[in-house]
Amino acid sequence: MTVITVSQLNTYVRSVLESDPHLSTVYVSGEISNFTNHYRSGHLYMSLKDEGAVVRAVMFRGSASKLRFEPQNGMKVIVRAKVSLYDRDGAYQIYIDDMQPDGVGALQVAFEQLKARLAAEGLFDEGRKRPLPPYPARVGVITSSTGAAVRDIINVLGRRYPLAQIVLVPVLVQGDGAPPQLVDALERLNRLHAADVIIIGRGGGSIEDLWAFNDERVARAVAASEIPVISAVGHETDFTICDFVADLRAPTPSAAAELAVPDGQQLLAFLKQRRWTLQRNMQHTVERENKRLAALKEKRCLSTPLFLVEEQGVRLDYLTRALSAAGTIALQNADKRLSAYSAKLDALSPLKVLSRGYAMALREEQPLTTVEQVAVGETVTIRLSDGQLDCTVTDVKAEKKEEA
């Protein structure tokens, strides 16, 4: 009997599993649970389960970095893996090389995940979208220099609004190198203020061909652009993350060119109409003022200037007479009022009282009203109706007041 250790047993079982050709590559479908993303190592740990069983699974960083979507608990997937045993725990598990969503493509899942995340951040909100300039002087075009899209855009801009300068920034529009070039083109046009509006896009294709415009880096560069951006990716039925973030989405590159600039023919027709309206209004104004001038020429003051002077002279004489009459009446009324006031003052005058046999005692020109105001030996003045007497006080006699 041979006795082996636990480690030897686990090693042997692992070698048996790994040597079985049926277990070296297996395709397993199941639902993800207990998902853990080790951000530092980049490894993904999870379990796959169905209605009757569960198996532990690991996806190392090298394989995980190639995923187009983010695995989540509850997601049904199909994985390509190999079966082995983890020595330390003595439990078998599968090591995943590739993973695809079950029933839905990986790119579609990645698209929906990024769309939901950016929408939650508010990057799709209508309130942050900027209006397009009505008459752009420069139109920035970010697309491939060899595709049909750039030719369509240039043709439409040249036909519709030749006044606009086209600033073409050629870039890759598919493949791993496309997103960095798209981001750099957006940042360069903004940094140099080289355009008033930007068209970014390409012609139609599969979801893989359009995937550069679903890149998160491109989406954030479009959102950060200070210049309004029109997204023109693919055909009318194609939608990308770039379409949702841009200030305006065009169904095709040609439609983007039409939206970016006004119709030159319509603008010219509008200007001609405005010019005709201005000319007509000016003509009406001149005719009206000519009629007014003709009417003024018929005025007597212009045909016979001295008439105006004579007319004003007559008016001046009338005003002079009226003013003189008003002044005379005002003086008469004032005389009447003065006589009335004089009569009232004369009736109240102390001299009138003195003429009736009364006298008024004064000291230093101030009337005396009580004997207490003078003393024996002081000089007082006695005012009579026809003169005054200067007297010296020899005695002061005060009348006794009756007690109440």
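## Basis of the description

Helices (H or I, at least four residues) and strands (E, at least two) are DSSP runs, numbered from the N terminus. The structure is a predicted model, in which local features need pLDDT of at least 70 and side-chain atom pairs count only at pLDDT 80 or more, while totals for chains, interfaces and linings use all residues. Residues are numbered from 1 along each chain as its sequence is written, and side-chain values use heavy atoms, with hydrogens and water left out.

## Strands β11, β13 and β14

Two strands are taken to pair if DSSP finds at least two bridges between them. Strand β13 (residues 379-384) is antiparallel to strand β11 (residues 360-363), with three bridges between them. Strand β13 also runs antiparallel to strand β14 (residues 387-392), through six bridges. Two residues separate β13 from β14, and the two strands form a hairpin.

A pocket is an open set of points on a 1 Å grid over the protein atoms alone, where a 1.4 Å probe fits, with protein on both sides within 12 Å along at least five of seven lines; lining residues have an atom within 4 Å of a point. Volume is the space filled by probe spheres set on the points, which are joined across faces, edges and corners.

The second largest pocket holds about 240 Å³ of space. Its lining comprises 15 residues, of which A361, L368, V374, V380 and I382 are the closest to the centre. Strands β11, β13 and β14 each contribute at least two lining residues. By class, 11 residues of this lining are nonpolar, three are polar and one is charged, where Ala, Val, Leu, Ile, Met, Phe, Trp, Tyr, Cys and Pro count as nonpolar, Asp, Glu, Lys and Arg as charged, and the others, Gly among them, as polar.

## The largest pocket

At least two lining residues come from each of β1 (26-37), α4 (106-120) and α7 (216-224), and α4 supplies the largest share, five residues. The lining consists of 12 nonpolar, five polar and nine charged residues.

## Packing of α5 and α9

Helix α5 (residues 148-160) packs against helix α9 (residues 253-260) at an angle of about 30°, with the axes 8 Å apart. The two helices are therefore roughly parallel, a term for angles under 35 degrees. Axes are lines fitted to C-alpha atoms, for helices over the stretch in contact, and angles run from 0 to 180 degrees between N-to-C directions.

Note on methods
Angles under 35 degrees count as roughly parallel, over 145 as roughly antiparallel, 65 to 115 as roughly perpendicular and the rest as oblique.
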